[in-house]
Amino acid sequence: MSDLIANIGFLQQGPFAIPRWEALFSNIDLLWQGTIVTLIVASLGLALALVLGTVLGVMAASHWRIPRAFARAYVEFYQNTPLLIQVFMIFNALPMLFSGLFIPVITIGILGVGMYHGAYISEVVRAGIQSIGRGQLEAALSQGFTYIGAMRYIIIPQAMRIVLPPLTNQAVSLIKNTSVIAIIAGGDLMYAGDAFAGRFGHYGPTYVVVGLGYFLMCFPLAMLARRLEDRTRVL
Amino acid sequence: MEAIMNTPVVMMLRDPVLYLGLGRGLMLTLQIAVLSIVLSFGFGTVLGAMRYSGVPGIKHIAASYVETVRNLPTLLLILVSYFVLGLPAMWAATIGLTIYTSAIIAEVIRGGLNSVPTGQWEAARSQGFSFLQSMRYIVLPPAVVKMIPPIVSQFVTVIKDSSFAMAIGAYELMFKGTILAAVYWRPSQIITIYVVISLVYFTVNFIISMVARRLQTKLSVGRGSIGD
């Protein structure tokens with residue numbers, strides 16, 4: 001058997017050779033550590049994005065001009081510039097503006113993806129709120145609810161059902177986008193994989209395993225989004 | 001006045017090297033983006049049609065491609081194109097973006113085709129239209145209208161994601177800016193460079209987003225089919 005393997009060229013040489021796989025799996029701890037960083041950045045980033053997105057979405061759907069203009073400007077800026085430059089601004093420019101300020105790279109990641117996806121989530125929330133008939137809001141206001149109260153108890157609970165599938169899709173994008181912090185040595189899964197692959201040149205197996213890692217984090221959520229979409233369509 | 005003209009930021013902003021560098025960077029960014037979109041449109045149409053066809057084996061190949069690629073970071077696909085496929089930086093960026101974007105466009109195309117009710121197909125076929133004729137005259141016109149706005153806005157995503165190519169050293173706008181930030185190293189200059197790059201990306205993407213939005217409203221007016 002081992003003779004047979006020894007005679008198959010691509011198993012011994014080339015980007016996917018067996019020794020490369022062995023080297024990767026004896027250092028798999030590195031990728032586990034990276035995965036943990038990615039999960040931390042993704043979960044806290046998602047929390048920030050949800051908070052920002054809800055606040056901005058409510059502002060964008062409101063009839064007060066200044067909050068609406070602010071939300072609009074925020075969304076346009078964040079949706080039309082690359083996440084990478086936003087991350088570089090926090091990474092490079094912010095410590096220059098406030099000298100001596102030190103931001104840990106994980107925090108940069110959380111702020112970066114949180115603020116970026118906050119813009120996308122606010123659009124989802126706005127569309128969800130606007131899908132609920134105006135009469136509902138008017139009825140709530142006439143019953144003595146404040147605007148915020150009406151949102152909190154009447155509009156948002158109903159909008160939730162419409163908002164959930166695109167929100168889940170945003171979570172998938174957010175997990176994938178945490179990988180940009182690899183470019184500023186963020187210690188996440190992508191960085192861990194890239195650093196290991198670059199040190200020994202084991203690119204093939206490492207990228208396959210890193211890809212599998214992201215896939216396993218994203219695919220269940222993508223499936224959930226599909227399920228939720230089908231459910232809302234039936235209702 | 002003299003004092004203002006001699007501040008590091010103003011000196012930098014008066015230096016043509018800055019605009020030459022950023023201009024070249026923008027050209028490469030646009031080149032990568034346009035090539036990726038064109039390639040993705042071709043590849044995505046094939047994939048979308050494969051999945052729409054419903055033919056067992058063919059449908060599953062397209063579906064697994066789309067489902068796999070959609071759940072991978074674009075940065076990873078660019079790195080794979082560069083380090084594993086061994087492409088030169090500019091092509092690695094283009095191919096990496098194409099692998100991802102074609103999956104997205106495949107879904108847009110399938111969604112557009114699916115939005116035409118099957119009754120219209122059946123009606124066309126029963127009136128003696130051939131498969132290609134029904135496609136050309138009945139199904140595609142309303143489907144294409146649904147596909148155009150999301151494809152245009154996908155362009156924005158591709159332009160933004162092309163900045164990942166700095167990880168492999170392609171001299172696109174983001175990387176050019178980072179290099180210039182090493183030449184103009186003063187904090188005020190570096191911050192100004194970041195602001196300028198953001199504004200360049202913003203201007204290009206904002207225009208494209210506006211076009212996508214216009215198309216969306218324009219195309220959806222007066223085009224409602226019975227199925228809507």
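A residue is classed as buried if 20 or more other C-beta atoms lie within 10 Å of its own, as exposed if 12 or fewer do, and as partly exposed in between, with C-beta atoms placed from the backbone. By this criterion, 41% of the 228 residues of chain B are buried. The structure is a predicted model, in which local features need pLDDT of at least 70 and side-chain atom pairs count only at pLDDT 80 or more, whereas totals for chains, interfaces and linings use all residues. Residues are numbered from 1 along each chain as its sequence is written, while chains are lettered from A and ligands numbered from 1 in the order in which they are written.

Chain B contains 10 helices and 0 strands, assigned as DSSP runs (helices H or I, at least four residues; strands E, at least two) and numbered from the N terminus. The radius of gyration, taken over C-alpha atoms, is compared with a globule rule of 2.2 Å times the number of residues to the power 0.38. For chain B the value is 22 Å, well over the 17 Å that the rule gives for 228 residues, so the chain is more spread out than a compact globule. Along the principal axes, its C-alpha atoms fill a box of roughly 80 × 45 × 25 Å. With contact defined as C-beta atoms, placed from the backbone, within 7 Å, residues 24 or more positions apart account for 73% of the chain B contacts with a separation of 6 or more.

Helix packing was described by axes fitted to C-alpha atoms over the stretch in contact, with angles from 0 to 180 degrees between N-to-C directions. Helices α5(B) and α6(B) (residues 89-114) pack at about 135°, their axes 8 Å apart. The contact involves residues including Leu77(B) and Ile78(B) of α5(B) and Ile95(B) and Leu97(B) of α6(B). The axes of α9(B) (residues 173-183) and α10(B) come within 9 Å and cross at roughly 165°. Here Leu173(B), Met174(B), Gly177(B), Leu180(B) and Ala181(B) in α9(B) meet Ile190(B), Ile193(B), Ile197(B), Val200(B) and Tyr201(B) in α10(B).

At the interface, 29 residues of chain B are in contact with 33 residues of chain A. Elements giving two or more residues to this side of chain B are α4 (56-70), α5 (74-84), α8 (131-161) and α10 (187-220). The most, 11 residues, come from α10(B).

Terms used:
Two residues are in contact if their C-beta atoms, placed from the backbone, lie within 7 Å.
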